[in-house]
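I keep these notes while I look through one structure, entry by entry. I write down what I looked up and what I found.

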Amino acid sequence: MRALGRNGLIFGGLLAFCLIGTAAAESPIAVENAWSRATAGGAKAGAAFFVVENRGSNDDTLLGADAEVADSVELHTHINDSGVMRMRPVERILVPAGGQATLQPGGYHVMLIGLRAPLVEGTTFPLGLTFAHAGHITVPVTVKATGAR
Ligand SMILES: [Cu+2]
């Protein structure tokens, strides 16, 4: 009886471990088509764009981003200020349950400030994204041609 109890305890422990592993592997958040534009000359700023899919039943929120390629990284949006498009930092971007958030030219984007090296077409760089629920996710960003949309 004693041995059986111990096995039961081990089994329970393994089961708990597997459940935690499954939860981590099946994050409802997926980041797709991350891209940026090649920078020309001595440009010190760049931007990254992507789509965040939320296949879960709870809202999530993008809280911030980090990248080795730039001194600082911010979440930005564009606002129409009397016909002039201006960028403005935002604290968070909502990713609604069963929906998506789209970061694209002219709208939400990740701003790369103080580029440490030019972004070269055809290369990729890692971008870290921090979500309120999904945690920290690192995605590869593909650098496309200058002027790509
Ligand atoms: Cu910006």
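Before anything else I noted how burial is counted: a residue is buried if 20 or more other C-beta atoms lie within 10 Å of its own, exposed if 12 or fewer, and partly exposed in between, with the C-beta atoms placed from the backbone. I also reminded myself that this is a predicted model, in which local features need pLDDT of at least 70 and side-chain atom pairs count only at pLDDT 80 or more, while totals for chains, interfaces and linings use all residues. Residues are numbered from 1 along each chain as its sequence is written.

**Entry: the chain as a whole**

I looked up the elements and found one helix and 10 strands, where helices (H or I, at least four residues) and strands (E, at least two) are DSSP runs numbered from the N terminus. Along the sequence the pattern reads α-β-β-β-β-β-β-β-β-β-β. Of the 149 residues in the chain, 21% count as buried. I then checked contacts, meaning pairs whose C-beta atoms, placed from the backbone, lie within 7 Å; among those with a separation of 6 or more, residues 24 or more positions apart account for 68%.

**Entry: the core**

I next looked for a nonpolar core, which is a set of buried Ala, Val, Leu, Ile, Met, Phe, Trp, Tyr and Cys residues joined through C-beta atoms within 7 Å. The largest one has 23 residues, and those touching the most other members are Ala48, Phe50, Ala67, Val110, Leu112 and Leu127. The elements giving two or more residues to this core include β1 (29-37), β2 (45-54), β3 (60-66) and β9 (124-131). I followed Ala67 and, leaving out residues up to four places away in sequence, found that Ala67 touches Val73, Leu112, Phe125, Pro126, Leu127 and Gly128.

Asn33, which is not a glycine, has a positive phi near 55°, and its place is in strand β1. Asn33 counts as partly exposed because 13 other C-beta atoms lie within 10 Å. Ser82 is not a glycine either and has a positive phi of about 50°, but Ser82 sits in the loop between β4 and β5 (84-89). Ser82 counts as exposed because 5 other C-beta atoms lie within 10 Å.

**Entry: strand partners**

Two strands pair if DSSP finds at least two bridges between them. β4 and β5 pair in the antiparallel sense over six bridges, with Thr77 opposite Arg88 in β5. These two strands form a hairpin with two residues between them, and Ser82 is in the turn. How many of the six residues of β5 are buried? The number is zero, so β5 lies largely in the open.

I then turned to β3, which pairs in the antiparallel sense with β6 over three bridges and with β9, also antiparallel, over four bridges. Asp60 stands opposite Val95 in β6, while Gly64 stands opposite Thr130 in β9.

**Entry: a loop glycine**

Which residues does Gly56 touch, not counting residues up to four places away in sequence? They are Pro28 and Ala97. Gly56 lies in the loop between β2 and β3, and it counts as partly exposed because it has 16 C-beta neighbours inside 10 Å. From C-alpha to C-alpha, Gly56 and Pro28 are 4.8 Å apart in space, although 28 residues apart in sequence.

Note on methods:
Contact = placed C-beta atoms within 7 Å.
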